[in-house]
Amino acid sequence: MNIFLVTFLVFMLVVIFMSVGVIFSNRKIKGSCGGLNNINGLEGDCALCSKKTCDKKKKMEKLNA
């Protein structure tokens, strides 16, 4: 039981430090664009963003590279 509590405490500390890092970096959390929709043979829009948004992001990444 002690190992479980120590492990749980360590994980909670990591989550807290990551949260503080996100807050102080002052950046928005972004999800990936595309995901499973980038696999050949799967059709349909991403649940979080439209396919157009994903294509637009890919074009912007190509321009910045």
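The protein exposes about 6300 Å², of which carbon and sulfur atoms supply 67%; accessible areas follow the Shrake-Rupley method with a 1.4 Å probe, and for residues only the protein chains shown count as cover. The model is predicted, so that local features need pLDDT of at least 70 and side-chain atom pairs pLDDT 80 or more, while totals for chains, interfaces and linings use all residues. Residues are numbered from 1 along each chain as its sequence is written, and side-chain values use heavy atoms, without hydrogens and water.

Of the 65 residues, 9% are buried (under 20% relative accessible area; exposed is over 50%, partly exposed in between; 1.4 Å probe, protein chains only). The protein has two helices and zero strands (DSSP runs numbered from the N terminus: H or I of at least four residues, E of at least two).

Helix 1 covers residues 2-25. Its 24 residues should span 34 Å at 1.5 Å a residue, and the 35 Å between its end C-alpha atoms agrees; the expected span is 1.5 Å times one less than the number of residues. Just after helix 1, Asn 26 adopts a positive phi of about 60°.

Helix 1 also contains Phe 4 and Phe 8, four residues apart, about one turn of the helix. The structure holds one aromatic pair: Phe 4 and Phe 8 are stacked, 6.3 Å centre to centre with 20° between the planes. Rings of Phe, Tyr and Trp (its six-membered ring) pair if their centres lie within 6.5 Å, with planes under 30 degrees apart stacked, over 60 edge-to-face and the rest tilted. Phe 4 counts as exposed because its relative accessibility is 52%, whereas Phe 8, at 45%, counts as partly exposed.
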